[in-house]
Amino acid sequence: MDRKKLLLITVIAALIGSWFLFDLGQYFTLEQAKAQQVALQDTIAARPFFASLVYFAIYIVVTALSLPGAAIMTLLGAALFGFWWSLILVSFASTIGATLAFLFSRYILRDWVQAKFGHRLAPINAGIKKDGAFYLFTLRLIPVFPFFLVNLLMGLTPLSTKLFYLVSQIGMLAGTAVYINAGTQLGEIESLGGIISAPVLISLALLGIFPLVAKFVMGLIEQRRVYADWTPPEKFDQNMVVIGAGAGGLVSAYIAAAVKAKVTLIERHKMGGDCLNTGCVPSKAVIRAAHAMSEITRAKEFGITTGNVSVNFEQVMARVHTVIDKIEPHDSVERYSSLGVNCVSGEARILSPWEVEVNGERMTTRNIVIATGARPLVPNIPGLQDVSYLTSDTIWQLKEQPKRLLVLGGGPIGCELAQSFQRLGSQVTLVEMVDQLLIREDADAAELVHSKLQSDGVEVKLNHKALRFESIEQSDGSRIQRAYLEHQGQTVTTDFDYVMLALGRVANVQGFGLEELGITTNERGTVEVNDYLQTKYRNIFAVGDVAGPFQLTHAAAHQAWYAAVNGLFGQFKKFKADYSVLPAATYTSPELARVGINEKEAKAQGLQYQVITYGIDDLDRAITDGEDYGFIKVITPKGKDTILGATIVGSNAGEMLAEFTLAMRHNLGLNKILGTVHPYPTMSEATKYAAGQWKQANAPKMLLTWVEKYHAWMRQGKKQSVVDQTVTKPASTNQAAEPLKENKDM
């Protein structure tokens with residue numbers, strides 16, 4: 001803690017200590033106020049301005065230091081200065097004092113509190129940023145909540161000082177007026193309890209909920225305005241219409257059908273969406289083939305000699321499509337129809353908040369779920385249209401393996417496909433604009449993936465930006481495809497057969513009626529939704545890639561539950577989407593999996609955290625499998641076993657992550673993991689050993705020092721307990737009893 005804070009704490013402590021040391025509170029009692037009223041009135045009559053200034057200053061000090069006595073000062077002020085002048089004095093003095101207390105709390109405590117508890121306070125901070133004025137106004141109107149406590153707690157939040165002052169100035173006015181009105185009859189007041197009677201408290205409480213009621217009413221007015229141009233149908237054909245049969249749409253429709261709602265699912269292309277047809281499933285199938293080839297090349301490491309091995313790329317891609325065909329029934333029209341979902345193939349168009357058209361047929365519905373997904377980003381780079389480029393949608397149609405593959409983008413998709421195609425025999429160059437692959441992950445975790453890609457033969461170019469592409473005709477009629485890249489102010493070139501674009505995805509928000517309804521998008525280009533996944537129309541929801549903020553299949557399925565339940569039962573209870581424990585994995589070799597925050601995010605949030613790292617190279621099963629590579633990194637608050645996040649780099653990291661995800665979801669700490677029996681030898685033991693690392697780092701050193709002394713004392717063999725002597729003394733042999741007797745004598 002710096003000197004300025006220490007000095008301020010010292011001054012405040014001295015002032016508060018003086019209050020109690022010199023018993024200054026005796027001058028701020030109701031009896032004392034009555035006794036001094038006449039004498040003070042004479043002083044005020046002689047020097048009114050000076051008296052007002054002194055009163056104003058004392059009131060500020062008492063409020064700023066959160067000292068008892070503000071209520072008495074308010075009553076006395078009313079009796080001395082009259083209603084209106086005292087109302088002005090008290091209103092401004094109390095607000096200034098409250099703001100000073102707010103600033104004291106913020107300056108002294110906020111950094112420490114946010115650093116220690118910032119992760120848990122994140123939802124509160126977000127709520128204060130969004131609706132802090134309403135919360136504060138409500139608390140100010142209800143004197144049941146101690147004002148000094150409100151001042152101190154609000155100082156720990158992100159609420160701006162200006163907003164705190166303005167809301168406090170207005171919010172405390174009602175309670176101040178009640179006290180001042182009572183103070184004008186100071187002589188008749190017998191106790192402070194008589195001022196704030198039950199009827200007054202009830203009245204102020206009702207006044208206190210006014211901001212919430214006002215917010216609710218304003219919401220209703222806003223909704224009436226939003227729906228003003230539309231006429232709802234007299235009845236509805238459907239309870240819910242879902243547009244898009246990817247992960248989010250399928251789960252939304254499934255839940256609706258499961259609770260016996262009438263639901264229609266519309267898909268314009270293929271059931272299963274990107275994940276089944278062009279994303280998760282095909283990419284993991286090709287990763288599996290690449291892994292098999294990698295295992296073969298490592299066979300000698302395990303004492304196995306292999307003959308000539310080659311990759312039949314056409315058969316690899318044929319298997320990819322076979323895998324898709326095997327999984328397709330899980331997401332098929334037949335399956336969902338059997339579950340009670342009305343599946344329709346065609347282009348959907350939203351005509352109104354309650355009408356959807358498909359194949360020329362209109363249907364009315366109480367709720368609409370938009371799950372239209374996203375598409376690969378194709379940037380506007382000069383010359384791109386003149387060369388052979390691929391995206392995650394089109395790469396699966398390749399029949400012939402690219403000899404030279406250029407991959408743009410060092411995110412999860414780019415890294416996975418670059419490594420896979422390299423292992424299958426292509427010469428891959430991976431280009432990334434920034435100085436790290438997998439930029440959202442910790443540098444040490446990303447570096448392990450980077451090193452493995454390079455050891456597999458991938459040429460990784462960091463800090464390179466694609467400037468333009470060119471298709472150059474040679475003298476023999478053949479063509480060379482070339483990329484021009486910028487690196488440290490210089491232009492470098494690389495030739496390729498295909499360029500794979502892995503630069504992100506763009507939400508599908510156009511072409512089905514959102515523009516006509518005025519449904520807006522945010523800066524990321526995704527549909528703007530609230531915490532309940534509602535758009536500006538409260539019966540229209542968006543989930544998955546089209547809504548963000550995560551482009552993950554399981555995130556879309558997670559959101560779908562909230563959209564379906566809020567749409568079908570929101571009139572009774574609505575649920576805010578919870579992303580606090582959302583795992584993700586990059587399926588390179590080694591895999592990189594994470595749940596919660598990583599060290600990079602902990603630093604950005606200013607948390608006081610502890611990092612526990614366990615090297616998988618020390619794990620028995622990893623050693624036997626030849627996968628002794630990587631680590632587990634766990635983020636916890638200092639001195640606590642609460643898991644704020646876990647990052648795993650290694651073989652089967654995505655599988656191992658599940659234990660940390662479960663623990664975080666159900667608030668189980670590292671001690672619980674440490675106390676759980678894990679089978680030996682397994683990769684899952686690594687999670688237990690990571691927990692053991694935390695335990696070792698946080699061992700009670702003082703206690704262990706005393707335990708060590710206890711054991712040393714026990715080794716002396718002296719002053720054995722009666723129980724020990726009884727157990728060890730033979731009953732029938734006098735010879736054996738002699739040593740015990742000697743010990744006792746000693």
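Q: Why is asparagine 652 called partly exposed?
A: Its relative accessibility is 38%. Buried means under 20% relative accessible area, exposed over 50%, and partly exposed in between (1.4 Å probe, protein chains only). The value for asparagine 652 falls in between, so the residue counts as partly exposed.

Q: What kind of model is this, and what are the conditions on its values?
A: The model is predicted: local features need pLDDT of at least 70 and side-chain atom pairs count only at pLDDT 80 or more, while totals for chains, interfaces and linings use all residues. Residues are numbered from 1 along each chain as its sequence is written, and side-chain values use heavy atoms, with hydrogens and water left out.

Q: What makes the phi of asparagine 652 worth noting?
A: Asparagine 652 is not a glycine, yet has a positive phi of about 60 degrees. Most residues other than glycine have a negative phi. Asparagine 652 sits in the loop between β22 (645–650) and α22 (653–665); helices (H or I, at least four residues) and strands (E, at least two) are DSSP runs, numbered from the N terminus.

Q: Which value makes serine 66 partly exposed, and where does the residue lie?
A: Serine 66 has a relative accessible area of 24%, so it is partly exposed. It lies in the loop between α3 (48–64) and α4 (70–81), and its phi, near 60 degrees, is positive in a residue other than glycine.

Q: Why is the pair of arginine 594 and glutamate 441 called a salt bridge?
A: The definition asks for a side-chain nitrogen of Lys or Arg within 4 Å of a carboxyl oxygen of Asp or Glu. For arginine 594 and glutamate 441 the N to O distance is 2.8 Å, so the pair qualifies. Arginine 594 lies in strand β19 and glutamate 441 in the loop between β10 and α17, so the pair ties together parts 153 residues apart in sequence.

Q: Are arginine 594 and glutamate 441 buried or exposed?
A: Arginine 594 is buried, with a relative accessible area of 12%. Glutamate 441 is buried as well, at 14%.

Q: What makes glutamate 601 a partner of arginine 594?
A: Their closest N and O atoms are 3.0 Å apart, which forms a salt bridge. Glutamate 601 is partly exposed, with a relative accessible area of 28%.

Q: How do you know that glutamate 473 is exposed?
A: Its relative accessibility is 54%, so glutamate 473 counts as exposed. Glutamate 473 forms a salt bridge with arginine 479, with the closest N and O atoms 3.5 Å apart. Arginine 479, at 48%, counts as partly exposed.

Q: What makes a set of residues a nonpolar core, and which residues have the most contacts inside the largest?
A: A nonpolar core is a set of buried Ala, Val, Leu, Ile, Met, Phe, Trp, Tyr and Cys residues joined through side-chain atoms within 4.5 Å. The largest has 38 residues, and those with the most contacts inside it are Ile395, Phe421, Leu430 and Leu437. Helix α14 gives the most to this core, with six residues.

Q: Which peptide bonds are called cis?
A: One joins serine 589 and proline 590, with omega about 5 degrees. Another joins tyrosine 680 and proline 681, with omega about -10 degrees. Most peptide bonds are trans.
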